[in-house]
2 protein chains.
Amino acid sequence: MSHIKPIRKDREPPKRVQDPDGTRRDILETASREFALNGLSGARIDDIAARTRSSKRMIYYYFGDKEGLYIQALENAYRTVRDGEAKLDTEGLPPREALRKLVEFTFDHHHEHEDFIRMVMIENIHHGEYLERSDVVRGLNVTAIDNIAAIYDRGVRDGVFRDGLDPLELHWQVSALCFFNVSNRATFSKIFGRDIGTPEALARLRENTVEMMLRFVAA
Amino acid sequence: MSHIKPIRKDREPPKRVQDPDGTRRDILETASREFALNGLSGARIDDIAARTRSSKRMIYYYFGDKEGLYIQALENAYRTVRDGEAKLDTEGLPPREALRKLVEFTFDHHHEHEDFIRMVMIENIHHGEYLERSDVVRGLNVTAIDNIAAIYDRGVRDGVFRDGLDPLELHWQVSALCFFNVSNRATFSKIFGRDIGTPEALARLRENTVEMMLRFVAA
DNA sequence: AACTATGTACGAAACAGTTAGTTTGTCAAC
DNA sequence: GTTGACAAACTAACTGTTTCGTACATAGTT
């Protein structure tokens with residue numbers, strides 16, 4: 001029984017580990033989920049705190065107040081989705097193929113980022129007032145328009161697309177069709193008694209959306 | 001001029017007028033506005049009460065609790081809009097004209113009922129759970145599908161529309177384009193720096209939507 | 001030592017919902 | 001056609017809880 005323990009029996013991890021970046025990220029991710037799920041007024045700071053590895057104190061330490069946290073969650077959502085968008089490359093493709101690919105990509109992308117869609121819905125309920133306050137979101141440049149404009153211009157030059165359309169309006173239409181599919185699934189399915197979220201239904205809607213855009217721009 | 005009348009000198013309006021229907025309606029209309037503006041968790045019972053000619057106690061007297069009030073506001077919104085929809089008549093028109101009229105009508109109708117759109121957005125944020133609880137809303141029969149189905153069938157019979165499309169999907173597309181225009185105006189305008197709510201922009205989007213549907217169903 | 005990061009406990013306001021009544025309408029009995 | 005009893009409609013003030021935010025203390029880092 002001599003030197004029973006120079007070995008630090010305290011497997012107990014050191015009482016307090018400092019990890020500012022990790023804490024921040026943890027809070028932001030948790031908050032993003034909670035805001036996307038419950039909205040700004042519906043989300044509870046205490047709930048968010050409880051779901052983090054951190055505490056309420058830290059939320060206020062890093063984000064100031066509830067609105068500050070919300071705005072950063074909003075920025076986070078936009079940034080994530082924009083980063084994803086940048087991955088689309090249609091340069092080598094002929095216009096029709098390129099447009100098809102863009103629409104399919106947008107459809108899938110929306111579908112994969114339901115939390116983003118929900119944040120946008122929530123922000124629209126607030127008339128976009130927090131978006132307006134955010135320099136970050138306004139600063140994110142929007143590649144979506146450039147992409148579709150490039151495709152459209154090529155199509156017009158090649159004579160396969162008709163002239164006189166507005167790329168922003170084209171983007172608007174693609175967005176509308178892809179966004180609605182995610183945003184209004186709950187009410188639409190319940191009212192019309194048919195689940196539009198099944199893989200089969202989605203595949204049809206996706207193909208319809210492509211077809212719709214192709215026909216719309218066709219010369 | 002003898003019998004001037006039994007003019008009741010007591011201008012004092014009778015201390016308390018009982019008007020159950022009026023009170024109920026007043027509360028419901030006020031609540032509908034507040035919920036559409038702020039959402040379920042964002043709306044405040046005290047605020048709603050203050051804006052009525054009635055009191056908080058009466059809200060609980062007639063509607064039970066906040067959720068009960070919300071559900072009735074939701075039902076109210078759906079009923080109002082459905083009643084409006086019923087006014088559309090396309091029977092005499094040739095298929096293409098009929099479809100154009102239907103799309104234009106839907107576009108305008110959405111535009112005129114922003115509060116309804118907002119209620120639907122809010123309800124989708126809640127995954128449609130209150131809609132599901134409401135027998136009233138589920139009971140409202142949906143003429144929209146019948147309308148578009150009738151037009152589409154005629155078009156196919158006449159050979160001007162292609163076969164094999166699903167009326168529900170057609171309705172979905174029209175809804176998506178018309179709904180998004182109202183629901184996402186705030187964020188879309190702010191992000192792309194162009195107001196899509198001006199009369200000119202709206203007129204273009206409206207015409208695009210019509211054109212889009214016509215081209216999609218064209219044989 | 002000085003600054004950053006974190007934990008605990010609490011305060012104040014906001015909020016949904018209630019208690020304890022009062023007033024008004026109505027209808028049957030006188 | 002007045003009365004009185006009873007239910008429906010209504011008011012004001014109150015209660016208990018939730019919720020945002022903070023004060024204060026302590027531990028880690030440089």
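Author: Two residues are in contact if their C-beta atoms, placed from the backbone, lie within 7 Å. This is a predicted model.

Reader: What makes the copies meet through the same surface?

Author: 100% of the interface residues of chain B are also interface residues in chain A, so the two copies use the same surface to meet. By that 7 Å cut-off, 41 residues of chain B are in contact with 42 residues of chain A.

Reader: Which elements of chain B give two or more residues to the side that touches chain A?

Author: They are helices H1 (20–42), H6 (114–125), H7 (129–133), H10 (167–183), H11 (185–192) and H12 (199–217) of chain B. H10(B) has the largest share, 10 residues. This side of chain B divides into 20 nonpolar, 12 polar and nine charged residues.

Reader: How do you know what relation superposes chain B on chain A?

Author: Two copies of a chain are related by a rotation about an axis and a shift along it. Here the rotation is 180°, the shift is 0.0 Å and the RMSD is 0.0 Å. That is the relation of a two-fold axis.

Reader: How many residues of the surface near DNA strand D are charged?

Author: The count is 12 charged, beside six nonpolar and five polar.

Notes. Residues numbered from 1 in each chain as written. Chains lettered and ligands numbered in written order. Predicted model: local features only at pLDDT ≥ 70, side-chain atom pairs only at ≥ 80, totals over all residues. Helix = DSSP H or I, 4+ residues; strand = E, 2+ residues; numbered from the N terminus. Nonpolar A, V, L, I, M, F, W, Y, C, P; charged D, E, K, R; others polar. Least-squares fit on C-alpha atoms with pLDDT ≥ 70 in both.
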